[in-house]
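Please walk me through this structure in the viewer, one selection at a time. I would like to know what to pick next and what is there.

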Amino acid sequence: MAHSPLEQFEIKPLAEFHIAGVDASFTNSSLMMVIVVTLVTLFLTGGMRKSALVPGRWQTMVEMAYEFVANMVKENVGKEGKQYFPFIFTLFMFILGCNLLGMVPYSFTVTSHIVVTFALAATVFVGVTLIGFFKHGLGYLKLFAPSGAPGWLLPLIVVIEIISYLIRPISLSVRLFANMLAGHLMMKIFAGFVISLGSIGVAGYFGAVLPFAFNIFMTGLEILVAFLQAYVFAILSCIYLNDAMHPSH
Amino acid sequence: MATTATTEVANKEAGGLPQLDFTTFEEQIVWLFLSFIVLLVIVSKVALPRVTKVLEEREERIAGDLDKAETQRRDADETKAAYEASLATARAEAQAVMAEAKAQIQKDMAKAQSELDAKLNAEAANAEAAIRAAKDKALEGLGDMAKDITRDLAEKLAGVDASDADINKAVENALNSAKGA
(Lines give C-alpha, C1' and ligand atoms only; values in the text may rest on other atoms or scores of the structure.)
Protein backbone atom coordinates (compact mmCIF):
# COMPACT_ATOMS: atom_id res chain seq x y z
CA MET A 1 0.00 0.00 0.00
CA ALA A 2 1.43 3.24 -1.19
CA HIS A 3 -0.77 5.41 0.97
CA SER A 4 -1.43 5.04 4.63
CA PRO A 5 -5.03 5.67 5.75
CA LEU A 6 -3.54 8.17 8.19
CA GLU A 7 -1.92 10.26 5.50
CA GLN A 8 -5.15 12.26 5.05
CA PHE A 9 -4.73 13.65 8.56
CA GLU A 10 -1.22 15.01 8.05
CA ILE A 11 -0.65 18.70 8.54
CA LYS A 12 1.31 20.09 5.60
CA PRO A 13 2.70 23.61 5.94
CA LEU A 14 2.03 25.79 2.93
CA ALA A 15 3.77 28.92 4.21
CA GLU A 16 5.81 29.40 7.35
CA PHE A 17 4.96 32.32 9.65
CA HIS A 18 6.33 33.11 13.06
CA ILE A 19 4.71 36.10 14.67
CA ALA A 20 6.09 37.21 18.06
CA GLY A 21 7.49 33.76 18.68
CA VAL A 22 4.16 32.06 17.91
CA ASP A 23 4.08 29.49 15.13
CA ALA A 24 1.31 30.76 12.84
CA SER A 25 2.29 28.80 9.74
CA PHE A 26 -0.37 28.58 7.06
CA THR A 27 -1.09 24.87 6.57
CA ASN A 28 -3.60 22.76 4.70
CA SER A 29 -5.70 22.88 7.89
CA SER A 30 -5.58 26.69 7.93
CA LEU A 31 -6.51 26.75 4.26
CA MET A 32 -9.58 24.63 4.93
CA MET A 33 -10.61 26.89 7.83
CA VAL A 34 -10.32 29.95 5.59
CA ILE A 35 -12.33 28.19 2.88
CA VAL A 36 -15.01 27.23 5.43
CA VAL A 37 -15.25 30.83 6.66
CA THR A 38 -15.53 32.04 3.06
CA LEU A 39 -18.14 29.44 2.08
CA VAL A 40 -20.27 30.01 5.20
CA THR A 41 -20.11 33.78 4.60
CA LEU A 42 -21.06 33.33 0.94
CA PHE A 43 -23.87 30.96 1.87
CA LEU A 44 -25.36 33.35 4.42
CA THR A 45 -24.92 36.65 2.57
CA GLY A 46 -25.67 35.16 -0.85
CA GLY A 47 -28.94 33.68 0.36
CA MET A 48 -30.00 37.01 1.87
CA ARG A 49 -28.85 39.26 -0.99
CA LYS A 50 -32.45 39.88 -2.04
CA SER A 51 -33.93 39.71 1.49
CA ALA A 52 -37.22 38.82 -0.16
CA LEU A 53 -40.48 38.75 1.75
CA VAL A 54 -41.26 35.49 0.02
CA PRO A 55 -37.96 33.59 0.10
CA GLY A 56 -36.44 31.67 -2.79
CA ARG A 57 -34.70 28.30 -2.36
CA TRP A 58 -31.36 29.67 -1.23
CA GLN A 59 -32.90 32.16 1.18
CA THR A 60 -35.11 29.38 2.56
CA MET A 61 -32.00 27.32 3.33
CA VAL A 62 -30.41 30.24 5.16
CA GLU A 63 -33.62 30.89 7.10
CA MET A 64 -33.91 27.20 7.94
CA ALA A 65 -30.37 27.17 9.33
CA TYR A 66 -31.15 30.33 11.31
CA GLU A 67 -34.41 29.01 12.72
CA PHE A 68 -32.93 25.58 13.43
CA VAL A 69 -30.23 27.08 15.66
CA ALA A 70 -32.56 29.78 17.03
CA ASN A 71 -35.05 27.12 18.16
CA MET A 72 -32.24 25.04 19.61
CA VAL A 73 -31.09 28.01 21.72
CA LYS A 74 -34.65 28.98 22.69
CA GLU A 75 -35.62 25.46 23.76
CA ASN A 76 -32.44 24.65 25.65
CA VAL A 77 -31.42 28.00 27.11
CA GLY A 78 -34.60 30.06 27.01
CA LYS A 79 -35.13 33.69 26.08
CA GLU A 80 -32.04 34.88 27.98
CA GLY A 81 -29.92 32.76 25.66
CA LYS A 82 -30.65 35.08 22.75
CA GLN A 83 -27.46 37.08 23.24
CA TYR A 84 -25.40 33.89 22.80
CA PHE A 85 -27.27 32.90 19.64
CA PRO A 86 -24.63 34.35 17.25
CA PHE A 87 -21.91 32.35 19.00
CA ILE A 88 -23.87 29.08 18.90
CA PHE A 89 -24.82 29.74 15.28
CA THR A 90 -21.18 30.39 14.31
CA LEU A 91 -20.11 27.28 16.21
CA PHE A 92 -22.70 25.15 14.41
CA MET A 93 -21.97 26.55 10.96
CA PHE A 94 -18.19 26.36 11.42
CA ILE A 95 -18.20 22.73 12.57
CA LEU A 96 -20.78 21.76 9.95
CA GLY A 97 -18.72 23.49 7.25
CA CYS A 98 -15.50 21.76 8.36
CA ASN A 99 -17.23 18.37 8.56
CA LEU A 100 -18.85 18.69 5.15
CA LEU A 101 -15.80 20.16 3.43
CA GLY A 102 -13.83 17.19 4.78
CA MET A 103 -16.07 14.94 2.66
CA VAL A 104 -14.69 16.49 -0.54
CA PRO A 105 -12.00 14.20 -1.99
CA TYR A 106 -8.40 15.41 -1.53
CA SER A 107 -9.54 17.92 1.08
CA PHE A 108 -8.62 17.97 4.74
CA THR A 109 -10.93 17.51 7.71
CA VAL A 110 -10.16 20.24 10.24
CA THR A 111 -12.39 18.67 12.89
CA SER A 112 -10.54 15.35 12.72
CA HIS A 113 -7.80 16.90 14.86
CA ILE A 114 -8.26 16.65 18.61
CA VAL A 115 -6.48 19.94 19.18
CA VAL A 116 -9.08 21.79 17.09
CA THR A 117 -12.10 20.14 18.69
CA PHE A 118 -10.56 20.50 22.14
CA ALA A 119 -9.85 24.19 21.57
CA LEU A 120 -13.51 24.70 20.59
CA ALA A 121 -14.78 22.63 23.51
CA ALA A 122 -12.45 24.41 25.94
CA THR A 123 -13.66 27.77 24.67
CA VAL A 124 -17.26 26.70 25.34
CA PHE A 125 -16.30 25.28 28.75
CA VAL A 126 -14.35 28.34 29.90
CA GLY A 127 -16.96 30.70 28.50
CA VAL A 128 -19.84 28.86 30.17
CA THR A 129 -18.01 28.70 33.51
CA LEU A 130 -17.21 32.43 33.36
CA ILE A 131 -20.84 33.26 32.48
CA GLY A 132 -22.03 31.08 35.36
CA PHE A 133 -19.83 32.78 37.96
CA PHE A 134 -20.43 36.23 36.45
CA LYS A 135 -24.22 35.82 36.61
CA HIS A 136 -24.58 34.01 39.92
CA GLY A 137 -21.30 34.56 41.75
CA LEU A 138 -20.61 31.72 44.16
CA GLY A 139 -24.27 30.70 43.76
CA TYR A 140 -23.15 28.98 40.58
CA LEU A 141 -21.65 26.27 42.80
CA LYS A 142 -25.22 25.19 43.59
CA LEU A 143 -24.99 23.43 40.22
CA PHE A 144 -22.92 20.75 41.98
CA ALA A 145 -25.47 20.18 44.73
CA PRO A 146 -28.81 19.29 43.14
CA SER A 147 -31.77 20.27 45.29
CA GLY A 148 -33.82 17.44 46.72
CA ALA A 149 -30.87 15.06 47.17
CA PRO A 150 -30.69 13.38 50.60
CA GLY A 151 -28.08 15.01 52.87
CA TRP A 152 -25.98 11.93 53.52
CA LEU A 153 -25.58 11.40 49.75
CA LEU A 154 -24.53 14.99 49.16
CA PRO A 155 -20.73 14.56 49.52
CA LEU A 156 -20.80 11.77 46.96
CA ILE A 157 -23.08 13.65 44.57
CA VAL A 158 -20.97 16.79 44.74
CA VAL A 159 -17.84 14.83 43.84
CA ILE A 160 -19.60 13.12 40.93
CA GLU A 161 -21.08 16.39 39.71
CA ILE A 162 -17.71 18.14 39.80
CA ILE A 163 -16.04 15.31 37.88
CA SER A 164 -18.82 15.25 35.28
CA TYR A 165 -18.54 19.03 34.95
CA LEU A 166 -14.77 18.97 34.48
CA ILE A 167 -14.97 16.12 31.98
CA ARG A 168 -17.31 18.10 29.73
CA PRO A 169 -14.65 19.66 27.48
CA ILE A 170 -13.01 16.25 27.03
CA SER A 171 -16.23 14.40 26.16
CA LEU A 172 -17.36 17.23 23.91
CA SER A 173 -14.10 17.37 21.96
CA VAL A 174 -13.41 13.63 21.82
CA ARG A 175 -16.92 12.91 20.51
CA LEU A 176 -16.47 15.12 17.47
CA PHE A 177 -12.84 14.23 16.89
CA ALA A 178 -13.38 10.46 17.21
CA ASN A 179 -16.40 10.49 14.91
CA MET A 180 -14.53 12.36 12.21
CA LEU A 181 -11.37 10.30 12.62
CA ALA A 182 -13.13 6.94 12.58
CA GLY A 183 -15.37 7.79 9.63
CA HIS A 184 -12.57 9.06 7.43
CA LEU A 185 -10.27 6.21 8.46
CA MET A 186 -12.92 3.64 7.52
CA MET A 187 -13.52 5.24 4.15
CA LYS A 188 -9.81 5.36 3.37
CA ILE A 189 -9.26 1.75 4.44
CA PHE A 190 -12.13 0.47 2.32
CA ALA A 191 -10.97 2.60 -0.60
CA GLY A 192 -7.57 0.91 -0.12
CA PHE A 193 -9.29 -2.49 -0.38
CA VAL A 194 -10.80 -1.46 -3.72
CA ILE A 195 -7.37 -0.49 -5.08
CA SER A 196 -5.54 -3.59 -3.81
CA LEU A 197 -8.25 -5.99 -4.99
CA GLY A 198 -8.43 -4.24 -8.33
CA SER A 199 -4.72 -4.72 -8.85
CA ILE A 200 -4.96 -8.52 -8.43
CA GLY A 201 -6.74 -9.08 -11.74
CA VAL A 202 -10.14 -9.94 -13.15
CA ALA A 203 -11.21 -11.92 -10.08
CA GLY A 204 -10.26 -8.95 -7.96
CA TYR A 205 -12.54 -6.64 -9.92
CA PHE A 206 -15.54 -8.60 -8.69
CA GLY A 207 -14.18 -8.75 -5.19
CA ALA A 208 -13.65 -4.97 -5.23
CA VAL A 209 -17.36 -4.37 -5.77
CA LEU A 210 -18.12 -5.09 -2.13
CA PRO A 211 -15.82 -2.53 -0.45
CA PHE A 212 -16.74 -0.04 -3.20
CA ALA A 213 -20.43 -0.42 -2.42
CA PHE A 214 -19.64 -0.12 1.27
CA ASN A 215 -17.81 3.13 0.62
CA ILE A 216 -20.83 4.56 -1.18
CA PHE A 217 -22.89 3.70 1.88
CA MET A 218 -20.19 5.17 4.14
CA THR A 219 -20.21 8.43 2.18
CA GLY A 220 -23.92 8.87 2.87
CA LEU A 221 -23.45 7.91 6.49
CA GLU A 222 -20.55 10.32 6.92
CA ILE A 223 -22.57 13.21 5.52
CA LEU A 224 -25.25 12.35 8.09
CA VAL A 225 -22.58 12.19 10.81
CA ALA A 226 -21.23 15.56 9.65
CA PHE A 227 -24.64 17.14 10.32
CA LEU A 228 -25.28 15.11 13.46
CA GLN A 229 -21.98 15.93 15.15
CA ALA A 230 -22.29 19.63 14.39
CA TYR A 231 -25.79 19.47 15.88
CA VAL A 232 -24.62 17.52 18.94
CA PHE A 233 -21.75 19.94 19.57
CA ALA A 234 -24.06 22.94 19.31
CA ILE A 235 -26.87 21.46 21.41
CA LEU A 236 -24.50 20.34 24.18
CA SER A 237 -23.03 23.85 24.23
CA CYS A 238 -26.61 25.11 24.65
CA ILE A 239 -27.25 22.69 27.52
CA TYR A 240 -24.02 23.76 29.28
CA LEU A 241 -25.03 27.38 28.71
CA ASN A 242 -28.41 26.65 30.26
CA ASP A 243 -26.64 25.30 33.36
CA ALA A 244 -24.72 28.55 33.57
CA MET A 245 -27.92 30.62 33.26
CA HIS A 246 -30.03 28.51 35.64
CA PRO A 247 -27.68 26.55 37.94
CA SER A 248 -30.27 25.40 40.48
CA HIS A 249 -32.89 23.31 38.76
CA MET B 1 -5.41 -4.19 7.37
CA ALA B 2 -5.59 -1.77 10.25
CA THR B 3 -2.59 -3.37 11.87
CA THR B 4 -0.48 -3.09 8.74
CA ALA B 5 -1.53 0.54 8.45
CA THR B 6 -0.49 1.19 12.01
CA THR B 7 2.89 -0.51 11.54
CA GLU B 8 3.46 1.42 8.34
CA VAL B 9 2.79 4.68 10.11
CA ALA B 10 4.83 3.57 13.09
CA ASN B 11 7.75 3.09 10.74
CA LYS B 12 7.53 6.71 9.68
CA GLU B 13 9.79 9.20 11.36
CA ALA B 14 6.90 11.20 12.94
CA GLY B 15 5.24 8.06 14.29
CA GLY B 16 1.63 7.47 15.29
CA LEU B 17 -1.35 9.62 14.56
CA PRO B 18 -0.72 13.00 12.94
CA GLN B 19 -3.28 14.24 15.48
CA LEU B 20 -0.72 13.62 18.26
CA ASP B 21 2.07 15.58 16.60
CA PHE B 22 2.37 18.39 19.14
CA THR B 23 4.45 20.58 16.83
CA THR B 24 1.37 21.30 14.73
CA PHE B 25 -0.86 22.28 17.66
CA GLU B 26 0.21 25.89 17.90
CA GLU B 27 -0.50 26.81 14.29
CA GLN B 28 -3.82 24.94 14.32
CA ILE B 29 -5.01 26.77 17.42
CA VAL B 30 -3.85 30.13 16.03
CA TRP B 31 -5.67 29.66 12.74
CA LEU B 32 -8.72 28.13 14.41
CA PHE B 33 -9.24 31.17 16.63
CA LEU B 34 -8.39 33.56 13.83
CA SER B 35 -10.89 32.06 11.40
CA PHE B 36 -13.52 31.42 14.08
CA ILE B 37 -13.40 35.01 15.32
CA VAL B 38 -13.59 36.34 11.75
CA LEU B 39 -16.63 34.14 11.11
CA LEU B 40 -18.19 35.15 14.43
CA VAL B 41 -17.84 38.83 13.55
CA ILE B 42 -19.25 38.33 10.04
CA VAL B 43 -22.13 36.22 11.34
CA SER B 44 -23.09 38.50 14.23
CA LYS B 45 -22.57 41.84 12.47
CA VAL B 46 -23.63 41.12 8.90
CA ALA B 47 -25.32 37.79 8.25
CA LEU B 48 -27.67 37.28 11.19
CA PRO B 49 -29.05 40.85 11.41
CA ARG B 50 -30.19 40.53 7.80
CA VAL B 51 -32.03 37.27 8.48
CA THR B 52 -33.52 38.69 11.69
CA LYS B 53 -34.72 41.76 9.80
CA VAL B 54 -36.36 39.72 7.04
CA LEU B 55 -38.04 37.38 9.53
CA GLU B 56 -39.33 40.29 11.62
CA GLU B 57 -40.59 42.11 8.54
CA ARG B 58 -42.39 38.98 7.41
CA GLU B 59 -43.93 38.47 10.85
CA GLU B 60 -45.08 42.11 10.93
CA ARG B 61 -46.47 41.86 7.43
CA ILE B 62 -48.41 38.70 8.24
CA ALA B 63 -49.74 40.19 11.49
CA GLY B 64 -50.68 43.39 9.63
CA ASP B 65 -52.41 41.46 6.88
CA LEU B 66 -54.34 39.43 9.45
CA ASP B 67 -55.39 42.63 11.22
CA LYS B 68 -56.50 44.14 7.92
CA ALA B 69 -58.45 41.01 7.04
CA GLU B 70 -60.15 41.10 10.45
CA THR B 71 -61.09 44.79 9.98
CA GLN B 72 -62.43 44.10 6.51
CA ARG B 73 -64.42 41.15 7.78
CA ARG B 74 -65.97 43.36 10.46
CA ASP B 75 -66.75 46.02 7.84
CA ALA B 76 -68.37 43.37 5.65
CA ASP B 77 -70.47 42.18 8.60
CA GLU B 78 -71.59 45.74 9.30
CA THR B 79 -72.46 46.31 5.66
CA LYS B 80 -74.41 43.09 5.61
CA ALA B 81 -76.37 44.06 8.74
CA ALA B 82 -77.12 47.49 7.25
CA TYR B 83 -78.21 45.88 4.00
CA GLU B 84 -80.50 43.48 5.81
CA ALA B 85 -81.99 46.30 7.90
CA SER B 86 -82.68 48.42 4.82
CA LEU B 87 -84.11 45.36 3.09
CA ALA B 88 -86.50 44.79 5.99
CA THR B 89 -87.53 48.47 5.98
CA ALA B 90 -88.13 48.36 2.25
CA ARG B 91 -90.20 45.24 2.59
CA ALA B 92 -92.32 46.78 5.35
CA GLU B 93 -92.79 49.94 3.26
CA ALA B 94 -93.79 47.90 0.24
CA GLN B 95 -96.30 45.98 2.31
CA ALA B 96 -97.76 49.25 3.68
CA VAL B 97 -98.05 50.68 0.17
CA MET B 98 -99.71 47.49 -1.03
CA ALA B 99 -102.21 47.48 1.85
CA GLU B 100 -103.00 51.14 1.21
CA ALA B 101 -103.51 50.51 -2.50
CA LYS B 102 -105.71 47.56 -1.75
CA ALA B 103 -107.84 49.60 0.62
CA GLN B 104 -108.08 52.42 -1.95
CA ILE B 105 -109.09 49.99 -4.66
CA GLN B 106 -111.73 48.42 -2.46
CA LYS B 107 -113.02 51.85 -1.57
CA ASP B 108 -113.13 52.87 -5.25
CA MET B 109 -114.84 49.64 -6.15
CA ALA B 110 -117.45 50.06 -3.46
CA LYS B 111 -118.11 53.63 -4.62
CA ALA B 112 -118.39 52.62 -8.25
CA GLN B 113 -120.69 49.77 -7.26
CA SER B 114 -122.99 52.03 -5.27
CA GLU B 115 -123.04 54.63 -8.08
CA LEU B 116 -123.88 51.96 -10.59
CA ASP B 117 -126.57 50.58 -8.30
CA ALA B 118 -128.09 54.06 -7.88
CA LYS B 119 -128.01 54.68 -11.65
CA LEU B 120 -129.57 51.35 -12.41
CA ASN B 121 -132.27 51.88 -9.78
CA ALA B 122 -133.01 55.32 -11.22
CA GLU B 123 -133.21 53.92 -14.74
CA ALA B 124 -135.44 51.10 -13.58
CA ALA B 125 -137.73 53.64 -11.87
CA ASN B 126 -137.86 55.80 -15.01
CA ALA B 127 -138.64 52.78 -17.13
CA GLU B 128 -141.39 51.70 -14.78
CA ALA B 129 -142.86 55.22 -14.86
CA ALA B 130 -142.74 55.26 -18.65
CA ILE B 131 -144.41 51.87 -18.77
CA ARG B 132 -147.10 53.02 -16.38
CA ALA B 133 -147.70 56.20 -18.44
CA ALA B 134 -147.89 54.21 -21.62
CA LYS B 135 -150.30 51.77 -19.98
CA ASP B 136 -152.50 54.60 -18.67
CA LYS B 137 -152.50 56.27 -22.03
CA ALA B 138 -153.38 52.99 -23.68
CA LEU B 139 -156.16 52.42 -21.21
CA GLU B 140 -157.54 55.96 -21.80
CA GLY B 141 -157.62 55.37 -25.56
CA LEU B 142 -159.23 52.05 -24.85
CA GLY B 143 -162.36 53.75 -23.35
CA ASP B 144 -163.13 55.85 -26.48
CA MET B 145 -162.39 52.88 -28.74
CA ALA B 146 -164.61 50.63 -26.63
CA LYS B 147 -167.50 53.19 -26.79
CA ASP B 148 -167.26 53.36 -30.62
CA ILE B 149 -167.03 49.58 -30.91
CA THR B 150 -169.93 49.13 -28.47
CA ARG B 151 -172.19 51.60 -30.42
CA ASP B 152 -171.29 49.93 -33.72
CA LEU B 153 -171.90 46.47 -32.26
CA ALA B 154 -175.22 47.52 -30.71
CA GLU B 155 -176.37 49.11 -33.92
CA LYS B 156 -175.32 46.39 -36.30
CA LEU B 157 -175.90 43.28 -34.24
CA ALA B 158 -178.92 44.27 -32.11
CA GLY B 159 -180.29 47.08 -34.24
CA VAL B 160 -180.51 49.17 -31.17
CA ASP B 161 -179.61 52.77 -31.30
CA ALA B 162 -178.28 53.03 -27.82
CA SER B 163 -177.92 56.40 -26.18
CA ASP B 164 -174.47 57.79 -25.52
CA ALA B 165 -175.13 57.90 -21.83
CA ASP B 166 -175.91 54.21 -21.61
CA ILE B 167 -172.93 53.24 -23.68
CA ASN B 168 -170.63 55.44 -21.60
CA LYS B 169 -171.93 53.94 -18.41
CA ALA B 170 -171.55 50.35 -19.61
CA VAL B 171 -168.01 50.95 -20.91
CA GLU B 172 -166.94 52.73 -17.70
CA ASN B 173 -168.22 49.79 -15.66
CA ALA B 174 -166.38 47.28 -17.82
CA LEU B 175 -163.13 49.30 -17.75
CA ASN B 176 -163.29 49.77 -14.03
CA SER B 177 -163.71 46.05 -13.51
CA ALA B 178 -160.72 45.40 -15.89
CA LYS B 179 -158.56 47.98 -14.09
CA GLY B 180 -159.51 46.49 -10.84
CA ALA B 181 -158.41 43.07 -12.02
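This is a predicted model: local features need pLDDT of at least 70, side-chain atom pairs count only at pLDDT 80 or more; totals for chains, interfaces and linings use all residues.

**Stop 1: the annotated spans of chain A.** Select residues 30-48, 84-108, 114-134, 143-167, 187-214 and 221-242 of chain A; the unreviewed UniProt entry annotates them as "transmembrane region". Now keep the last two. Residues 221-242 are 100% helix and 0% strand, with end C-alpha atoms 31 Å apart. Residues 187-214 are 89% helix and 0% strand, yet the C-alpha atoms at the ends of this span are 9 Å apart.

**Stop 2: helix 2 of chain A.** Select residues 57-76 of chain A.

**Stop 3: the buried side of helix 2.** Show side chains for A:Gln59, A:Val62, A:Glu63, A:Ala65, A:Tyr66, A:Val69, A:Met72 and A:Val73, which are the buried residues of helix 2 of chain A. What do they pack against? Within chain A, the partners are helix 1 (28-47), helix 3 (85-101) and helix 7 (202-245). Helix 2 (25-158) of chain B is also a partner.

**Stop 4: the salt bridge.** How many salt bridges does the rule find across the interface of chain B and chain A? It finds 1. For polar contacts across this interface, the rule finds 8 residue pairs.

**Stop 5: the chain B side.** Color the part of chain B that touches chain A. Helix 1 (2-11) and helix 2 of chain B are the elements that give two or more residues to that side. Helix 2 of chain B supplies the largest share, 28 residues.

**Stop 6: the whole contact.** Chain A brings 52 residues to the contact and chain B brings 39. About 4,200 Å² is buried between the two chains, and carbon and sulfur atoms give 76% of that area.

Stop 7: Finish with residues 66-137 of chain B, annotated as "coiled-coil region" in the unreviewed UniProt entry. In the model this span is 100% helix and 0% strand. Its end C-alpha atoms lie 104 Å apart.

Key
Residues are numbered from 1 along each chain as its sequence is written. Chains are lettered from A and ligands numbered from 1 in the order in which they are written. Side-chain values use heavy atoms; hydrogens and water are left out. UniProt positions are given in the numbering used here, feature names are shortened, and annotations may be inferred rather than shown by experiment. Helices (H or I, at least four residues) and strands (E, at least two) are DSSP runs, numbered from the N terminus. Buried means under 20% relative accessible area, exposed over 50%, partly exposed in between (1.4 Å probe, protein chains only). Contact means heavy atoms within 4.5 Å. Buried area is the accessible area (1.4 Å probe) that two parts lose on being put together, summed over both. A salt bridge is a side-chain nitrogen of Lys or Arg within 4 Å of a carboxyl oxygen of Asp or Glu. A polar contact is a pair of N or O atoms within 3.5 Å; within protein, one must be able to donate a hydrogen and the other to accept it, and residues adjacent in sequence count only if both atoms are side-chain atoms.
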